Amino acid sequence: MRSFDLAPLYRSTVGFDRLFSMLDQTSGVEAPSPTYPPYNIERTGENAYRISVAVAGFTDKDLSIEVREQALTIRGGKAPAEAEGKPDYLHQGIAARAFERRFQLADHVSVKGAVLDHGLLHVDLVREIPEAKKPRQISIGTGSGPRTIEGTTDRQAA
């Protein structure tokens, strides 16, 4: 397996530290990502996404969803069962162990809602780009003198 040294890039860039941290994580430096519970990520629209997590056996009270610093964290944990109400399993194939699953969200992506349906937790996300960040057209004027975006020159405004 190859390893890449990103140290020279750290010295010559500003503001990309999160990108380099993500590259370090995907290069296998850290422990492998957990496989439980399984999940899907799908695009439901041009700027809409859905994360579906298989949480069979969990109720909405057993699950928590938190967004902090562009990271979505889904946690699940069952409350300890009472001794008298606990079933005597001959085979237990449905996992009900505690879990924590994290997803890194891109800039301007926010959580719109979550629904638990037939053992699947669906978390809906949307990317909302602020008006200041959207591309805009600048009209080109003709004639003499510099023009501002509003179409007036500095001399006309005075």
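**Entry 1: a ring cluster.** I started with Y36, F58 and F99, which ring pairs link into a cluster. For my notes: rings of Phe, Tyr and Trp (its six-membered ring) pair if their centres lie within 6.5 Å, and planes under 30 degrees apart count as stacked, over 60 as edge-to-face and the rest as tilted. The model is predicted, so I kept its rules in view: local features need pLDDT of at least 70, side-chain atom pairs count only at pLDDT 80 or more, and totals for chains, interfaces and linings use all residues. Residues are numbered from 1 along each chain as its sequence is written, and side-chain values use heavy atoms, with hydrogens and water left out.

**Entry 2: all the aromatic pairs.** I searched the whole structure and got 3 aromatic pairs. The ring centres of Y39 and F103 are 5.0 Å apart and the planes meet at 85°, so I wrote this pair down as edge-to-face. Y39 belongs to strand β1 (residues 39–45) and F103 to strand β5 (residues 99–104), so the pair ties together parts 64 residues apart in sequence. Helices (H or I, at least four residues) and strands (E, at least two) are DSSP runs, numbered from the N terminus.

Are these two residues buried or exposed? My cut-offs are these: buried means under 20% relative accessible area, exposed over 50%, and partly exposed in between (1.4 Å probe, protein chains only). Y39 is partly exposed at 35%, while F103 is buried at 8%.

Next I took F58 and F99. Their ring centres lie 5.5 Å apart with the planes at 90°, so this pair is edge-to-face. F58 sits in the loop between β2 (48–54) and β3 (63–68) and F99 in strand β5, so I noted a link between distant parts of the chain, 41 residues apart. Both F58 and F99 are buried.

**Entry 3: charges over rings.** Which charged residues lie over these rings? K78 lies over the face of F58, 5.8 Å from the ring centre, and the charged end of R97 sits over the ring of Y36, 4.0 Å from its centre. The test asks for NZ of Lys or CZ of Arg within 6 Å of the ring centre and within 35 degrees of the ring normal.

**Entry 4: D62 and L63.** I looked up D62 in the loop between β2 and β3; D62 is buried, with a relative accessible area of 16%. What does D62 touch, leaving aside its neighbours within four places in sequence? Its contacts (heavy atoms within 4.5 Å) are G57, R75, G76, G77, K78 and A79.

L63 lies in strand β3 and counts as buried at 15% relative accessibility. Leaving aside neighbours within four places in sequence, L63 has contacts that include F58, F99, L116 and L121.

**Entry 5: the nonpolar core.** A nonpolar core is a set of buried Ala, Val, Leu, Ile, Met, Phe, Trp, Tyr and Cys residues joined through side-chain atoms within 4.5 Å. The largest one here has 16 residues, and L72, I74 and L125 touch the most other members. β2, β4 (71–76), β5 and β7 (120–127) each supply at least two residues of this core. I also checked L72: leaving aside neighbours within four places in sequence, its contacts include I51, F103, V123 and L125.

**Entry 6: the sheet.** I traced an open sheet of 4 strands in the order β1-β2-β7-β6, with antiparallel pairing. Two strands pair if DSSP finds at least two bridges between them. β1 and β6 (109–117) are at the edges with a single partner strand each, so one side of each is left without a neighbour in the sheet.

Antiparallel β2 and β7 are joined by 7 bridges, and I51 stands opposite V123 in β7. β6 and β7 pair over 8 bridges, with L116 opposite L121 in β7. These two strands, β6 and β7, form a hairpin with 2 residues between them, and H118 in the turn has a positive phi of about 55°.

**Entry 7: the whole chain.** How many helices and strands does the protein chain have? I noted 3 helices and 7 strands, following the pattern α-α-β-β-β-β-β-β-β-α along the sequence. Buried residues make up 18% of the 158 residues.
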